[in-house]
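Welcome! Let's walk through this structure together in a few questions and answers.

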Amino acid sequence: MLVLLRPEAAPEHAMVVALLTSHGLAPRTIARDGRVALLADEAPGLVEALGHLPAVAEVRAGASWVLASRAWQPVATRIALGEGVVIGAGSPPAIIAGPCAIETEDQLLTVARGVAAAGARLLRAGAFKPRTSPYAFQGLGAAALPLLAMAREATGLRIVTEALDEAGVDQVAEVADVIQIGSRNMGNYPLLRRAGRAGRPILLKRGMAATIEELLLAAEYVLAEGNPNVILCERGIRGFDRATRNVLDLAAVPLLQQATHLPVIVDPSHATGRSELVPAMAKAGLAAGADGLLIEVHPDPDRALSDGAQSLSLEVFAHLMSELTTLSTALGR
Ligand code: PEP
Ligand code: MN
């Protein structure tokens, strides 16, 4: 459970800790910017007893995370990436687009120029790819990082790219404005801790079989290391039906926004696995209140080295962008 304390009642905080310890619990104190919370296991009758103490502002039964919660920080997190590129806190939807993997300089620059012209503000492209099969294209690795810098220089797009392991975090941080942690790594706690010290915002993708609470706890690992800038990404969860690659959990968007102050974006590409379904799900994501979208775009999807089936061509992406603009206006965004 989470016990939020009244900062002005600091002298009485010891009483709260004493009550918890008298129940055999070992509460953990989290203090930051004048705010204090206690995390502890639960015991019968304790939630009610705590509620009567004047030093207690709020008790949240069942909660095992603090820093990501709205109870801890009611104001939405706003992630500013310079020159008007902002994610979260009611800013216009951030459109992050680009190829699954960087293949060649020409491929990357063609997509970067195309998505920038269509109105995207961030470029996504993987140098290090977490592929399900060890025999599938694994990305160009470190050799592709200078190409990302080139694309940024050529277009002004902010760069989002994945760090696969702890050793890669600093290398990726040199060129990335935002470091992506992929679905397969959502529960890689040493990597999350390392990302918390990377000095860059983190785009954290929901694990393909992760609950909302597990996603929030993964974000908590990053926040607990002192990195306040985490973007949560709903990218579909594993279902029984292989008709789509995953099941887009759209309710996760308003649910997360209720639970956390962190920005929430939707990835309709990995959620559906099928390019013809992506535009509808991109629009649905915005309508559900997402702070942004992550969309795979390739100049020649049929020849893509990874995730071609779910990648939009530049033409389809440009058309989608015009629809998203109309939708954003209608939504008052
Ligand atoms: C990706 O964004 O290209 C990717 C590998 O996504 P996920 O981690 O969601 O599978
Ligand atoms: Mn991909």
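Q: Are D267 and K205 buried or exposed?
A: This is a predicted model, in which local features need pLDDT of at least 70, side-chain atom pairs count only at pLDDT 80 or more, and totals for chains, interfaces and linings use all residues. Residues are numbered from 1 along each chain as its sequence is written, chains are lettered from A and ligands numbered from 1 in the order in which they are written, and side-chain values use heavy atoms, with hydrogens and water left out. Buried means under 20% relative accessible area, exposed over 50%, and partly exposed in between (1.4 Å probe, protein chains only). By that scale, D267 and K205 are both buried.

Q: How many residues apart in sequence are the parts that D267 and K205 tie together?
A: D267 and K205 form a salt bridge, with the closest N and O atoms 2.7 Å apart; the term stands for a side-chain nitrogen of Lys or Arg within 4 Å of a carboxyl oxygen of Asp or Glu. Helices (H or I, at least four residues) and strands (E, at least two) are DSSP runs, numbered from the N terminus. D267 lies in the loop between strand 13 (264–266) and helix 9, while K205 is in strand 11 (residues 202–205), so the parts tied together are apart in sequence by 62 residues.

Q: Which residue forms a salt bridge with R206?
A: R206 lies in the loop between strand 11 and helix 7, and its partner is in strand 12 (residues 230–234), so the pair ties together parts 28 residues apart in sequence. Both side chains are buried. They meet at 2.7 Å, N to O, and the partner is E234.

Q: How many salt bridges does a search of the whole structure find?
A: One of them joins R60 and E58, with the closest N and O atoms 2.7 Å apart. R60 is partly exposed at 34% relative accessible area, and E58 is partly exposed at 30%. There is also a network of salt bridges linking R193, R197 and E225. The search of the whole structure finds 14 salt bridges.

Q: Which residues are the protein donors of the manganese ion (ligand 2)?
A: Donors are N, O and S atoms within 2.8 Å of the metal (3.2 Å for Na, K and Ca); water is not among the atoms, so sites may look incomplete. In sequence the donor residues are spaced C-x169-H-x25-E-x10-D. Lying 2.1 to 2.4 Å from the ion, they are C100 (SG), H270 (NE2), E296 (OE) and D307 (OD).

Q: In what order do the four strands of the open sheet lie?
A: Two strands pair if DSSP finds at least two bridges between them. Strand 2 (28–32) and strand 4 (56–60) stand at the edges, each with a single partner strand, so one side of each has no neighbour in the sheet. Strand 1 (residues 2–5) and strand 3 (residues 35–39) run antiparallel, joined by three bridges. The pairing in the sheet is antiparallel, and the order is 2-3-1-4.
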